[in-house]
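Subject: Handover of a structure and its findings

Dear colleague,

Please find below the structure that I am handing over to you. My findings follow it, grouped by topic.

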Amino acid sequence: MEEYKKLLDHLHKTRGFDFSPSRFASLKRKINKRFADLGFYQTVQYLDYLKSEPNEWKKLIDLLTVHTSSFFRNALTFEVLAKRTLPQILSSQKKEKKTSLRIWSAGCAGGEEPYSVAILINDLVKKEKLNMDIHIFATDINTTILEKAEQAGYAPDQLGNVKLKHLTAYFTRKSDHFLLNSSIKEMVTFSLYDILDATTYVPPESVFGGFDLVLCRNMMIYFSPDRQKKIFDKLYRSINSNGYLVLGEAESVPARYKDCFSRQDNDCHIYGKKA
Ligand SMILES: C[S@@+](CC[C@H](N)C(=O)[O-])C[C@H]1O[C@@H](n2cnc3c(N)ncnc32)[C@H](O)[C@@H]1O
């Protein structure tokens, strides 16, 4: 039991996993299943294995992170993004004669979130006949999920919120799943990035950050408060003045940042960063 506690402490200290009572049972179940699958019947055997197999840490973390996502998850948020936030961003870019738009989806899971944003931007850019370089950086800590994101094949239940016009315009049906068309896939760059990485402020793939829109949804809730603080500091720095931050439904801007953001809509968690 002492060894098991050490493992949990290690995961908490190094990875910020939140082992508060509401999360503990499910994390413990996943750890137990992993070592049973490997044929171990005692925790101590698994701990020895972890010491001798550095790759196992990566596998364990993949297993402990939750990857649930879907296209246009929380339809209202995406409706506000489509009708207010993105048009506002595009019109201020136009006013300032900027020709590029930079977006970061942090904790992008299988690509559903960045691709949903790409679809909305594609609609707007076409409608307004804008000549704009669009850079959507999508990052996650899980390599397996990133590979899936790049393949961009989705089961029908992940597409429940996709409008028929988008389904027909941007997806091709392949037996039991739908493949996203390359015109949208090409708008998103995926890379491996640990949001807790203390050595960088932004994903290296993006070179300098400077994002007009950052989405970090349904990831922060899995971290302990000290890590949430670190993540929020990083997100704040990465957003341009007058840029926007989108959080998950159960997440909000921490009290000490309240004066730095204004909420765009009372019903969803989209915040404008004040200049
Ligand atoms: C529940 S999913 C949210 C997906 C999407 N943002 C959404 O709201 O639908 C959380 C994602 O965060 C990723 N994640 C967890 N810890 C992370 C970390 N330290 N750095 C980067 N991504 C992480 C997980 O791998 C997972 O894909």
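In which element is Lys30 placed? Lys30 belongs to helix 2. Please note that the model is a predicted one. With a relative accessible area of 25%, Lys30 is partly exposed. Its C-alpha atom lies 7.1 Å from that of Leu63, although Lys30 and Leu63 are 33 residues apart in sequence.

Helix 2 (21–37), helix 4 (54–64) and strand 2 each contribute at least two residues to the lining of the largest pocket. In terms of domains, at least three lining residues come from domain 1 (2–64), and at least three from domain 2 (75–273). By class, the lining of the largest pocket comprises 15 nonpolar, nine polar and nine charged residues.

The second largest pocket has a volume of about 320 Å³. Its lining is made of 15 residues, of which Ala82, Leu120, Asp123, Lys163 and His166 are the closest to the centre. Two or more residues of this lining come from each of helix 5 (75–95), helix 6 (112–128) and helix 8 (164–170). The largest share belongs to helix 5, which supplies five residues. Seven residues of the lining of the second largest pocket are nonpolar, two are polar and six are charged.

Aromatic pairs and charges over rings

How many aromatic pairs does the model hold? The count is 16 aromatic pairs, taking ring centres within 6.5 Å as the criterion. Among them is the pair of Phe137 and Phe211, with ring centres 6.0 Å apart and planes at 65 degrees. An angle over 60 degrees counts as edge-to-face, so the pair of Phe137 and Phe211 falls in that class. Phe137 is part of strand 2 (residues 133–140) and Phe211 is part of strand 7 (residues 211–216), so this pair ties together parts of the chain that are 74 residues apart in sequence. Phe137 and Phe211 are both buried.

A further pair is formed by Tyr236 and Tyr257, with 4.8 Å from centre to centre and 40 degrees between the planes, and this pair is tilted. Tyr236 is in helix 10 (residues 225–238), whereas Tyr257 is in the loop between strand 8 (239–247) and strand 9 (261–265); the pair thus links distant parts of the chain, 21 residues apart. Are the two partners buried or partly exposed? Tyr236 has 23% relative accessibility and counts as partly exposed, while Tyr257 is buried, at a relative accessible area of 11%.

One aromatic cluster is made up of Phe71, Tyr115, Tyr154, Phe171 and Phe190.

Arg102 lies over the face of Phe208, at 3.8 Å from the ring centre. The charged end of Arg237 is placed over the ring of Tyr201, 3.5 Å from the centre of that ring.

Backbone and individual residues

Most residues other than glycine have a negative phi. Against that background, I draw your attention to two residues. Ser175 is not a glycine, yet its phi is positive, near 40 degrees. Ser175 is located in the loop between strand 4 (171–174) and strand 5 (177–180). Its relative accessible area is 63%, so Ser175 is exposed. Asn218, likewise not a glycine, has a positive phi of about 60 degrees.

Where is Val162 found? Val162 is in the loop between strand 3 (153–154) and helix 8. Val162 has a relative accessible area of 10% and is therefore buried. Between the C-alpha atoms of Val162 and Gly107, which are 55 residues apart along the chain, the separation is 21 Å.

Yours sincerely

Definitions and conventions
Residues numbered from 1 in each chain as written. Predicted model: local features only at pLDDT ≥ 70, side-chain atom pairs only at ≥ 80, totals over all residues. Heavy atoms only, no water. Phe/Tyr/Trp six-rings, centres within 6.5 Å; stacked < 30°, edge-to-face > 60°. Helix = DSSP H or I, 4+ residues; strand = E, 2+ residues; numbered from the N terminus. Buried < 20%, exposed > 50% of the residue type's maximum accessible area, 1.4 Å probe, protein only. Lys NZ or Arg CZ within 6 Å of the ring centre and 35° of its normal. Nonpolar A, V, L, I, M, F, W, Y, C, P; charged D, E, K, R; others polar. Domains from an automatic or database assignment. 1 Å grid on protein atoms, 1.4 Å probe; cavity = no way out; pocket = protein on both sides within 12 Å on 5 of 7 lines; lining within 4 Å. Points joined across faces, edges and corners; volume = space filled by probe spheres on them.
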